[in-house]
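User: I would like to go through a structure with you. Could we take it one topic at a time?
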Amino acid sequence: MDLETVKEYLNVIHSADDSKLELILEAAEDEALLFCNLEQFPSEIPASMEMGILLLVQASYQAAPNEIDILRKAAEVKLMPHRIEIGC
């Protein structure tokens, strides 16, 4: 996923937070890979997986404290179908 996709999703129109958003995006992608027990993303990332990553970014970047858990749980719902070897 690229930075422009993230900025469009978050409605960010400035570049002041680009470095911060890149770091948050990288961390969200790492978390999604770990959660799904994958070493890399498929060549075409499914929309539900992409949405899960965007929700993780949103939780880290612009969520109010009472929204963080809600967004993270929504991300899990989007990522769960892509999880492999659950319980192994």
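Predicted model: local features only at pLDDT ≥ 70, side-chain atom pairs only at ≥ 80, totals over all residues.

User: Is N11 buried or exposed?
Analyst: N11 is exposed, with a relative accessible area of 65%; exposed means over 50%, buried under 20%, and partly exposed in between, using a 1.4 Å probe and protein chains only. The residue is in the loop between helix 1 and helix 2, and N11 is not a glycine. For context, most residues other than glycine have a negative phi.

User: And what about N37, where is that one?
Analyst: N37 is in the loop between helix 2 and helix 3. Its phi is likewise positive, about 60 degrees, although N37 is not a glycine. N37 counts as partly exposed, at a relative accessible area of 39%.

User: Back to helix 1. Which of its residues are buried?
Analyst: In helix 1, the buried residues are L3, V6, K7 and L10. They cover an arc of only 95 degrees around the axis, which puts them on the same side of helix 1; the arc is taken from the directions that run from the helix axis to the C-beta atoms. E4 and E8 are exposed on the other side of helix 1. The cover over the buried residues of helix 1 includes helix 2 and helix 3.

User: Now the core. Which residues touch the most other members of the largest nonpolar core?
Analyst: V6, L10, L21, V57 and L79 do, out of 25 residues in that core. Helix 1, helix 2 (18–36), helix 3 (47–61) and helix 4 (68–79) each supply at least two residues of this core. A nonpolar core is a set of buried Ala, Val, Leu, Ile, Met, Phe, Trp, Tyr and Cys residues joined through side-chain atoms within 4.5 Å. In soluble globular proteins, nonpolar side chains tend to be buried together.

User: What does V6 touch?
Analyst: Not counting residues up to four places away in sequence, V6 touches M1, L21, L25, L54 and V57.

User: How many aromatic pairs does a search of the whole structure find?
Analyst: The search finds zero aromatic pairs. A pair would need ring centres of Phe, Tyr or Trp (its six-membered ring) within 6.5 Å, with planes under 30 degrees apart counted as stacked, over 60 as edge-to-face and the rest as tilted.

User: Then what sits over the ring of F35?
Analyst: The charged end of R83 does, at 4.3 Å from the ring centre. The criterion is that NZ of Lys or CZ of Arg is within 6 Å of the ring centre and within 35 degrees of the ring normal. F35 belongs to helix 2 and is buried, with a relative accessible area of 16%. Besides R83, F35 touches E76, L79 and M80, not counting residues up to four places away in sequence.

User: Last topic, helix 4. What span should its twelve residues have?
Analyst: At 1.5 Å a residue, the twelve residues should span 16 Å, and the end C-alpha atoms are 16 Å apart, which agrees; the expected span is 1.5 Å times one less than the number of residues. The buried residues of helix 4 are L71, A75 and L79. Seen down the axis, they fall within an arc of 75 degrees, so they line one face of helix 4. D69, I70, K73 and V77 are exposed on the other side of helix 4.

Note on methods
Residues numbered from 1 in each chain as written. Heavy atoms only, no water. Helix = DSSP H or I, 4+ residues; strand = E, 2+ residues; numbered from the N terminus. Contact = heavy atoms within 4.5 Å.
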